[in-house]
Amino acid sequence: MTRIFNDPSDFAEEALAGFCDVHADLVRQVTGGAVRRRRPAKPKVAVLAGGGSGHYPAFAGLIGTGLADGAVVGNIFTSPSAQQAYAVAKAAESGAGVVFTYGNYAGDVLNFGMASERLASEGIQVENVLVTDDVASAPPSESEKRRGIAGDFTVFKIMGAAAEAGADLADVVRLGRKANSLTRTIGSAFHGCTFPGAETPLFTLKDRQMGLGLGIHGEPGLFDTELPPAKELGQEFVARLLAETPHGAGDRIAVILNGLGSTKHEELFVLWLTIAPLLRAAGYTLVMPEVGELVTSLDMSGVSLTITWLDDELEPLWTAPAETPAYRRGNAALQAGAAPAEEESDGAAAPDAFDATEESRGYAANCLAALAAARDSLHGAEARLGDMDAVAGDGDHGRGMVRGIDAATTAAQDAAARGAGAGAVLAAAGDAWADKAGGTSGVLWGAGLRSFGEALGNELSPGPSELAAAVSAFAARITGLGKAEIGDKTMVDSLLPFAETLSRLLADGARHSDHPAAAWAEAAAVSTAAAEATASLRPLKGRARPLAEKSVGTADPGATSLAMIFTVMGPHLAAPAAAPATAPAAAEAAGPAAHGTATRQPAGTPS
Ligand code: ADP
Ligand code: MG
C-alpha cells in the first residue's frame, strides 16, 4: 500500500521535488527531471538515465560522480515525454555528447528517440543504449525484445564510470551495449504494488504462490508457482541465469540481488546465502556484489538476481568509485571488494605507531582501569538497563552498552600495549564502541569518548582543569551530535549536571584542586540523582519518544547508565597517573615512535 500522498496524481512530481530538496548538494531539479549540481570542469559525455517514477533509487537516485549526469523522470511507471528528455539533455550536456540509457519499453524508446532527433537537429551528438536483461520476457532468440529491469543498474554504472574516466561518446555507447549483452536478470514477485490513491494492488497472488519472471512496473510474474523455500528459490534463479551464460564469457561476474520495494534486506541476505555459494561453486569470482534495493517497483514485494559477466574492460568500470544520493562506492570498498571473498581485511592494516610521553602512558593505565570498572558494572546492569529501555524503547540498551564497552575495553588494551598515550587509548576505545555497539547510545558514547581522549592528548597526565575540560569536550560532542537538551529525557539529563558540577568544583581550587576524586564523586552523585529524576519526564528524543506516556515512571536508561559509568570511573580517572605500564616488548611492537621511548631507558638496561 502506498499511504503517503496528497493528490495522487502529483505523487511523482512531489517525490522528485522532495528528493531534489534533500540532496540539493548533489542534484538540481530541472524541467523534466534532475541533473548533477555541478557541471563538469571540461566537456564529458552526459549519461542520462531515465524512465518512469516508482523505481527509486533508479533513476534520479543515481545521479552523481561516476554514475549518471542526469535523470529524465516520468510519472509513475510511465515513460517521460520527449520534451522532458530533451530539456534534461540540454541542461546536462557539456559539449561531448549525450547518451540516453533506459530499460527497453515502447514508450521510452519512442520518447527518447524523438528527443534524440531534436537534439541531433541542433548539432548535439546523441545516442541511445537500451537495457534488455530480463530473461523471462522473451526467448534468447529474441533477446532484443527483452525488457529492462535491475540490469539497468550495472549497465548504467559501467557507462557512468566510462564517461567519468573521459571516454568519448562512441566508446561509452560501445561499453554500455557490451555490458547489456553480458547482463541477465531473473526475478520473482510475491505481492503486487499499489499506486498512490489506488485501493487494490496491481496484482495479487494466492497464498503461498509466487510469480516467476517479474517486471518492475508492477507486472506480476510471467507464470505462477508454489512459493518454494529460500534455498530452492536461489537454486532456481542461479540455474536460469547460468543457462543463459553468454558465449565466451569469463569467470568474473558482477552480481546484484535486488529487492523490489518491500522485501526485507534480511530476506535478501538469506537468499544470498544460497546464491553466492552456488555461483562460487560454478567457478565464478563475485566482484563487488550488491544486495539491496537498486531498482524497485513502488512497494512491490519481490526479488531479482542480476549477473553481468565482466571482462578486463568492464571490471574496472564496475568497481570504479561513485558518489550519488542513493549509491556510494569508495576507494576503501574498492580494495575490499578486489580481495578474494574468503580473505578478511580486518587486521591486515599495519598497526598505527603511537607517539606519547611516559606520563601519558601512565595515565593511559588509569583509563584502562576506568574502562574495566565500567565494563564490570555494565555487565552487572545489562538486564536492568534492557528492561528500562523496553518500557518505551526497543529493549536493547543493556545489550548495546555491553557490546560497546567490551569492544572499547579490548581496543583500549590493544592500543595501550602498543604504546599509546591516554588520548589515543580513549580514541581507540571510542571508535570501537561506536563500531560495535549500535543504537543511539553507541554512536554518542563512541564519539564522546574519542573527544574526551582528544582533549586529553598524549603528553600530560591531566590536572583538575584538564580533567574538567576533557569531560566538557565529551559533553559537547554528545549534545552537538544528538541535539538533546536538558529535559528531553536522554543521557544528556545526567551528563550535563555531571559536567557542570565537576567543572565548578574543580575550578574551586581551595576545596578541590588537590582532591579531584572527591569532586568527581560529588558530581557523580548529582548525576545519579538527575538520572533518577528523569523518571517523571516524557521523552522528547530517541526511540522512546513515540511511546512517551508509557515511559513516565521509569528513568531514562541512557541517563541511568551514564551516571553509573561516571560513578565507577571516577576513582581511576580522577586519581594521579599510574606508573607507566608500557613493557619493553610492547614498545618493540609499537614501531618507531615507541623506539624513541626505548632509547630513553638507561644505557645498559638488560633487555
Ligand atoms: P536506541 O535508542 O537506538 O535503541 P539505546 O537503546 O542504546 O539506543 O539508547 C537509548 C538511549 O539513548 C536513551 O535512553 C537516551 O538516553 C539516549 N538518547 C536517545 N536519543 C538521544 C539524543 N538525541 N541525544 C542524547 N541521547 C539520546
Ligand atoms: Mg534502545
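**Cores, sheet and helix packing in a predicted model**

Reader: How many residues does the largest nonpolar core have?
Author: In this predicted model, the residues with the most contacts inside the largest nonpolar core are Val99, Phe153, Val172, Phe237, Ile275, Leu305 and Trp318. Helix α4, residues 151–164, supplies the largest share of this core, eight residues. Another core lies apart from it, with 61 residues, among them Phe354, Leu385, Ala535 and Ala574. The largest core has 88 residues.

Reader: Which residues does Ile275 touch, leaving aside those up to four places away in sequence?
Author: Ile275 is one of the residues with the most contacts inside the largest core. With sequence neighbours up to four places away not counted, Ile275 touches Gly234, Phe237, Val238, Leu257 and Leu305.

Reader: Which strands are the edge strands of the six-stranded open sheet?
Author: The order of the sheet is β1-β2-β4-β3-β5-β6, and its pairing is mixed. Within it, β2 (33–36) and β4 (70–76) run antiparallel and are joined by three bridges; Ala34 has Ala71 in β4 as its bridge partner. An edge strand pairs on one side only, and this holds for β1 (27–30) and β6 (126–131).

Reader: At about what angle does helix α5 run to β6?
Author: Helix α2 (residues 82–92) lies across β1, β2, β3, β4 and β5, and runs at about 160° to β4. Helix α5 (residues 169–181) lies across β3, β5 and β6. Its angle to β6 is about 10°.

Reader: How far apart are the axes of helices α15 and α19?
Author: Ser494, Leu495 and Phe498 in α15 meet Ala559, Leu562, Ala563 and Phe566 in α19. Of these contact residues, six are nonpolar, one is polar and none is charged. The helices pack at an angle of about 35°, and their axes are 7 Å apart.

Notes: Residues numbered from 1 in each chain as written. Chains lettered and ligands numbered in written order. Predicted model: local features only at pLDDT ≥ 70, side-chain atom pairs only at ≥ 80, totals over all residues. Heavy atoms only, no water. Core = buried A, V, L, I, M, F, W, Y, C linked by side-chain atoms within 4.5 Å. Buried < 20%, exposed > 50% of the residue type's maximum accessible area, 1.4 Å probe, protein only. Helix = DSSP H or I, 4+ residues; strand = E, 2+ residues; numbered from the N terminus. Contact = heavy atoms within 4.5 Å. Axes fitted to C-alpha atoms, helices over the stretch in contact; angles between N-to-C directions. Nonpolar A, V, L, I, M, F, W, Y, C, P; charged D, E, K, R; others polar. Pairing = 2+ DSSP bridges.
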